[in-house]
Amino acid sequence: MRLWTVQPYCVYETLQSDGIFRCIPELSSNLIYKDFINAYDWLSKEMKERIGNPPEGVKYPIWAWFRVEGENKKPDMRKTEYKVSEKSVILEMEIPDTDVLLTDHTMWHSVLNDFLNFKVNYVDGISDEEWDLLSEKELEYYYSLSVEEQRLYKENSWKRVICFPTDNYKFIQATFWEIKKSQVRKVWVLKS
């Protein structure tokens with residue numbers, strides 16, 4: 001599976017010297033937020049169930065892009081949403097499908113925000129009014145549950161963010177446990 005990850009330049013240096021890179025939570029700018037930690041914990045659990053356990057000592061995944069703007073392509077770093085604030089690299093990699101979990105970037109925010117991922121989000125061709133009605137019905141049901149049942153229902157709703165290469169989402173992100181130097185196909189150095 002062809003993927004692109006944007007990483008600080010030191011990740012590239014680690015790959016060059018050690019031949020492998022794994023997430024270092026202390027260096028992650030996202031893992032300073034409680035919501036991110038909870039979301040990453042949930043995702044790591046799903047990854048273990050779907051692609052297998054991480055290497056010893058690894059708790060969190062590495063992120064990459066599988067699809068950007070509807071295509072399997074490198075993100076355009078000239079666009080605001082991809083800007084970096086330090087010297088970075090884009091690594092183009094080829095990682096076996098069996099080692100990757102894909103998620104819909106848009107719906108991933110329900111996990112990050114610790115909120116219900118509505119079933120109606122996956123219904124095509126409905127009006128805003130229909131969307132509102134169906135989501136309200138699901139919320140009514142959700143709030144009728146006990147606190148523990150709500151947690152389970154919500155976490156089960158998050159499973160819908162997991163997708164496949166054939167899904168037609170415009171932005172699909174990929175997670176995996178490690179990058180091996182042998183998986184890197186191209187490198188672009190970016191300067192802030």
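Arg2 is partly exposed, with a relative accessibility of 30%, a class that lies between buried (under 20% relative accessible area) and exposed (over 50%), using a 1.4 Å probe and protein chains only. The model is predicted: local features need pLDDT of at least 70, side-chain atom pairs count only at pLDDT 80 or more, and totals for chains, interfaces and linings use all residues. Residues are numbered from 1 along each chain as its sequence is written, and side-chain values use heavy atoms, without hydrogens and water. The whole structure holds 13 salt bridges, each defined as a side-chain nitrogen of Lys or Arg within 4 Å of a carboxyl oxygen of Asp or Glu.

**Strand to strand**
- Arg2 forms a salt bridge with Glu94 at 2.7 Å, N to O.
- This pair links strand E1 (residues 2-8), which holds Arg2, to strand E4 (residues 88-94), which holds Glu94, across 92 residues; helices (H or I, at least four residues) and strands (E, at least two) are DSSP runs numbered from the N terminus.
- Glu94 is also partly exposed, at 25% relative accessibility.

**Within helix H5**
- Glu148 and Arg151 form a salt bridge, with their closest N and O atoms 2.5 Å apart.
- The two residues are about one helical turn apart because they lie three residues from each other in helix H5.
- Glu148 is partly exposed at 42% relative accessible area, as is Arg151 at 34%.

- Salt bridges with shared partners join Lys45, Glu46, Glu49, Arg50 and Lys159 into one network.
- Within it, the side chains of Glu46 and Lys159 meet at 2.9 Å, N to O.
- Glu46 is buried, at 0% relative accessible area, whereas Lys159 is partly exposed, at 29%.
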